[in-house]
Structures are given as structure tokens and as C-alpha cells.
Amino acid sequence: MKETCPTCHCECSIPDASFPKCPFCGNPFLEKADAASLLNCEDGDISSVTSPNAQVDIGYCYEFGAGVEKDLDLAANWYRKAAEQGNAVGQNSLGIMYREGLGVKQDLAEAANWFQKAADQGYSYALDNIGLMLRDGLGVAKDLSEAVNCFKKAAEQGNPLSQNNLAQCYENGLGVRKNISEAVSWHKKAAEQGNAPSQYALGIIWRDGNGTKRNLTEAFNLLLRASQQGHALAQFAICQLYYSGVGVEANFAQCILWCHAAAEQGDFRAQSFLGTCYEEGKGVEKNLEEAFKWYYKAAEQDERYSLRKVGSMLFNGDGTDVNLPESAKWTLRAAENGDAAMQNIYGEMLLEGRAVEMDVDEANKWFKKSADLGLAKAQFNYAESFYFGTGVEKNRAEAAKWYRKAADQGYAPAQKELASMLYIGLGVERDYQKAFQYLKKAALQGHEESQKFLGDMYSKGMGIEENQKEAAKWYKRAAEQGVAEAQYIYGKRLLLEASGPDNIPEAIKWYIKAAEQGLKNAQYELGIFYLNGYGVAKSQSKALELIKMAADQGLEAAKKHLDELI
């Protein structure tokens with residue numbers, strides 16, 4: 001349940017009747033029965049009320065609908081009556097009405113004027129309010145030093161709101177020199193009065209050991225107290241503690257309970273985390289529809305991970321119907337929010353015409369944005385555009401520059417492409433040794449084309465001393481990953497180096513794999529094996545089939561041999 005505090009005007013979450021006080025200022029909420037009695041004047045005419053204190057109380061009744069129908073215009077009028085008589089509470093309340101535009105046209109300068117009048121009388125809540133205006137430059141010139149003075153005056157009167165605000169100034173170095181010890185001291189004073197924001201802030205300071213000794217037990221207790229008062233940030237922090245088992249025994253049921261509480265209040269981190277829990281079945285039964293619902297809520301607040309998830313779930317139909325235009329919309333929103341990965345993905349969508357109309361120029365724009373943010377895959381994609389002249393003028397030197405950026409981040413496809421350019425001197429000066437170095441890095445990451453290329457370099461002694469044993473090793477690794485040419489070369493090497501009959505079946509196995517992938521040389525030579533019964537059962541029909549496949553791909557030797565056989 002949400003209530004607005006009549007003293008500080010903070011909107012508060014009140015979990016149940018055991019928390020009748022405002023979690024910010026600590027003052028009790030106005031009871032409707034008591035408020036209604038204020039209007040029961042002896043003559044039935046409240047217009048005759050002249051006491052400024054009573055006028056303020058009547059203003060409360062109309063502002064919050066306590067005992068009467070809510071009427072903000074009347075509330076502002078009654079506050080004005082009290083304010084014009086010099087009543088500090090009325091002046092502060094009227095300032096709030098002007099600040100929020102309640103019953104009057106919003107006017108920050110007029111709000112600051114009334115706050116200042118009340119503050120000049122030493123009213124702590126007005127001191128706090130004018131301090132906030134000075135801190136943020138609302139209705140008055142920004143003055144952090146004077147804001148701190150206002151907070152301090154109110155804090156010394158015991159105002160928990162100001163104690164919290166003063167603590168934040170010391171914590172962040174706003175208007176004063178940063179001093180965590182002072183921040184802790186003021187947060188403690190506010191927290192002891194039940195101020196939820198200070199309980200949360202102090203809990204985080206002790207949880208993380210920010211400028212003070214870490215105290216996980218006290219951190220948990222404070223965060224729990226703030227959570228029980230409905231403080232969403234504290235609720236998510238408690239959720240994290242239960243999840244990780246830090247400061248308390250891990251308890252996924254409690255983790256989910258507090259995560260739900262924070263998510264329901266709109267905390268985007270809790271919503272995103274809850275989406276993950278439902279997607280993966282962590283602490284709850286797996287439910288993609290629920291996962292999508294919570295991701296969507298977080299994405300509406302531009303939470304980065306949730307923007308990604310909503311885009312992908314709409315694209316794949318996970319937990320929702322497939323909706324490609326909506327998927328593209330959310331992917332674009334993530335890209336526009338500076339998510340480098342989604343900028344690259346949106347660029348790929350534009351390049352391929354996937355879920356959006358194909359637009360190569362726009363694709364390159366997004367690749368460039370992402371590449372400038374340092375995403376290796378985008379740097380690779382941008383390099384490809386220059387290499388092939390896709391949407392830009394072909395420029396191999398520019399391609400090499402962007403391949404190098406991605407390669408130096410360890411992106412294997414870029415390492416392979418840069419190595420190829422270094423090997424042949426395309427867009428860069430030829431350098432076999434550098435080509436070898438980049439290839440080795442990519443090959444060690446399991447990049448199959450690089451493994452085959454590395455085998456070539458070891459075999460030919462290019463950029464490295466010739467080493468046939470190493471060449472065979474890398475050809476085999478590439479072959480095992482399905483590179484047809486590597487399968488053919490490795491099979492051929494096994495036959496050439498055969499020291500016994502055991503090598504022949506192994507060699508034939510790799511020839512068959514390469515032939516099945518359509519490699520014409522493997523098809524032709526395997527056909528000869530079938531023709532002669534070498535390592536396989538002799539088969540004229542099988543031989544003709546394979547040799548014809550190679551001939552159909554334009555292999556001259558296969559064409560000639562086929563003519564002879566036919």
C-alpha cells in the first residue's frame with residue numbers, strides 16, 4: 001500500500017499496519033478519524049477558523065482526503081491562510097504545493113520563497129526543502145555550500161531527512177570535503193530514527209566496506225529494516241544477499257520474495273533479475289512468459305540486459321509471440337542507449353534485411369558506432385565492409401586497420417583475416433612472421449580456418465621454420481572441425497607417409513569426409529581409389545560417380561579421366 005506523508009510529502013510503501021510512521025521523516029500518518037474531527041466546528045462553518053495551526057490541519061484534510069473529499073485547491077488556500085500569518089508549517093506546506101504543482105500552478109521560485117520564509121524561522125522541514133532546492137538549483141541558484149548549511153541546521157534539530165541528506169553530501173563530497181566517517185555518523189542518527197534511505201545507505205557502506213570496516217551482519221540488519229519499510233533499493237540488496245549467502249545463509253525463497261517486492265515497486269534491476277530467474281528456473285518454476293513480462297518491465301526503463309532479452313525473445317518467440325518489427329524496435333532502442341553489442345546486432349539486421357528493410361549505409365553507421373566503443377565483432381564487421389566495398393568504397397588499408405583493432409582484442413576471425421592480408425601484402429606490407437603470429441593466436445582459440453592456414457605455414461616454412469610434424473598436427477585439428485581442405489590434405493599426408501596398412505583406412509576416412517563436403521580433388525582421387533580398389537572395395541560405379549562429381553565442378557583431370565572411362 002502506498003501513502004503520501006503529510007509532513008514530508010514523500011510517497012511511502014507501507015507493508016502493513018505495523019509501520020504507521022513515515023519511513024523517511026518518522027512522523028505518524030494523519031488518522032482520518034482525527035482529521036475529520038478538525039472540521040466539526042461548533043457552528044459548522046470552518047471558514048471562520050483563524051488559528052494558523054488549525055488552518056494547516058484543515059489544509060492537510062483537504063490535501064489527503066482525510067474526513068473530506070480530497071480538494072487540492074482548497075488545501076492550497078488553507079495553507080496560504082496559515083502561511084500569510086507567518087506559520088512556518090503552513091509556509092512549508094504551501095512551498096510543497098508550489099514545488100509539486102498541487103492546487104496551484106507549479107512555480108519553483110515561489111516554492112523556494114515560501115521554504116525560505118519557514119526556514120528563516122528555523123523550521124527543520126523547510127530547512128531541508130530549501131536545502132534540496134539549493135543543492136539541485138531548483139527555483140534558486142545552485143549553492144552546494146549553502147545547501148549543506150541548511151541540511152546541517154535541520155539535522156542538528158534531529159530531522160532524519162536532513163540527517164540523511166547531510167550524510168549524502170559527506171558521502172559524495174557535495175558542498176563539503178568527502179568524509180565517509182561523517183557520512184556514517186549522520187546516516188546512523190537518521191537510521192536510528194527509522195529513516196529507510198539512511199538504513200539502506202549505511203547498509204551498503206557496511207556491506208562493501210566503503211571507507212569503513214566491513215560489517216556484514218549489521219549491513220544485513222539495516223537493509224532488512226529498510227526493506228520492511230518498503231524501500232525498493234534495500235529490498236533488491238537483501239535479495240542479493242540471500243542469493244549470494246553474504247551476511248546471511250543463502251535462501252533462494254527469501255531471495256525471490258524480496259526480489260518480487262522490489263520489482264513490483266518498479267526497481268529495474270530486480271525486474272531484470274526476476275526475468276532471469278523465471279527464464280532459467282532459479283528459485284521458481286521455469287516460466288518464459290513470466291520471464292518476458294519482467295524483462296519487458298525492466299526494458300521499458302532502458303535496463304540494458306533486458307532490452308537485449310526482449311529483442312531476442314520477440315525475435316525467437318520465447319515466452320511471447322514472434323514479432324519481428326517489435327524485435328527490431330527493441331534492438332534499436334538498446335542500440336540508441338549506447339549498447340555496443342546491440343548496435344552491432346542492429347547493424348547485422350540492417351545488412352541482412354533481417355526483421356528490418358535492408359540498408360547497407362545505415363548498417364555501416366551502426367557498425368562504426370559499436371566499433372568506436374571497442375566491440376571487436378563490430379570492428380570486424382566494419383573491416384569487412386571496407387574489404388568488400390559494402391556500402392563504402394573498397395579500401396583494403398582501412399579494412400586492415402579495423403581487422404587489426406579486432407585482432408588485437410583477441411577476436412579470432414579478425415586475426416585470421418589480418419594474417420591473410422599480411423601473408424599476401426594486401427593493404428599492408430607483406431610480413432610472414434606477423435601473419436604467423438596472428439594465425440597462431442587464432443588457431444589456439446580453435447578457429448578452424450586458421451588451424452588449416454597454420455598447417456600450410458608450418459608445411460612451407462613461411463614465417464616460421466618448416467616443421468612437418470607441427471603441420472600435420474594443425475591439419476588434423478582443422479580436419480576434426482570439418483574443414484574439407486584440411487581433411488583432404490591430412491588424408492593425403494597419411495597416405496604419403498604410410499608406414500603400414502593401419503594408415504590407409506584412416507587416410508581413406510578423411511578423403512571420404514572431404515569428398516562428402518564437395519571438395520573436387522578429394523572426390524576425384526577417391527574415385528581413383530575405388531577404380532583401383534586401393535584402400536576400399538573396388539567399385540566401377542562408385543568410381544564413376546565420384547569422378548563425375550569432380551568433373552562437374554570443372555576439375556580438368558577428372559574430365560579427361562571421365563572421357564577415357566566412358
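User: Let me start with contacts: what percentage of the contacts in the protein chain with a separation of 6 or more comes from residues 24 or more positions apart?

Analyst: A contact means heavy atoms within 4.5 Å. Here, residues 24 or more positions apart account for 44% of the contacts with a separation of 6 or more. Keep in mind that this is a predicted model, where local features need pLDDT of at least 70, side-chain atom pairs count only at pLDDT 80 or more, and totals for chains, interfaces and linings use all residues. Residues are numbered from 1 along each chain as its sequence is written, and side-chain values use heavy atoms, with hydrogens and water left out.

User: How many helices and strands does the protein chain have?

Analyst: Both are DSSP runs numbered from the N terminus: helices are H or I with at least four residues, strands are E with at least two. This chain has 30 helices and two strands.

User: What is the radius of gyration of the protein chain, and what would a compact globule have?

Analyst: The radius of gyration is taken over C-alpha atoms, and the globule rule is 2.2 Å times the number of residues to the power 0.38. For 566 residues that rule gives a value near 24 Å, but this chain has 37 Å. Along the principal axes, its C-alpha atoms fill a box of roughly 125 × 50 × 45 Å.

User: What share of the residues is buried?

Analyst: Buried is under 20% relative accessible area, exposed is over 50%, and partly exposed is in between, using a 1.4 Å probe and protein chains only. By that rule, 47% of the 566 residues are buried.

User: Which residues have the most contacts inside the largest nonpolar core?

Analyst: A nonpolar core is a set of buried Ala, Val, Leu, Ile, Met, Phe, Trp, Tyr and Cys residues joined through side-chain atoms within 4.5 Å. The largest has 66 residues, and Tyr403, Met457 and Leu526 have the most contacts inside it. H20 gives the most to this core, with seven residues. Apart from it lies another core of 44 residues, among them Ile58 and Trp78. As for Tyr403, leaving out residues up to four places away in sequence, its partners include Phe380, Ala383 and Tyr387.

User: Is Gln487 buried or exposed?

Analyst: Gln487 counts as buried because its relative accessibility is 4%. Gln487 lies in helix H26, residues 484–496. Its side chain reaches the backbone nitrogen of Ala514 at 3.4 Å; a polar contact is a pair of N or O atoms within 3.5 Å, and within protein one must be able to donate a hydrogen and the other to accept it, while residues adjacent in sequence count only if both atoms are side-chain atoms. Beyond its neighbours within four places in sequence, Gln487 also touches Trp510 and Lys513, among others.

User: Where is Ala355, the residue with a positive phi although not a glycine?

Analyst: Ala355 sits in the loop between H18 and H19, with a phi of about 75 degrees. Ala355 counts as partly exposed because its relative accessibility is 23%.
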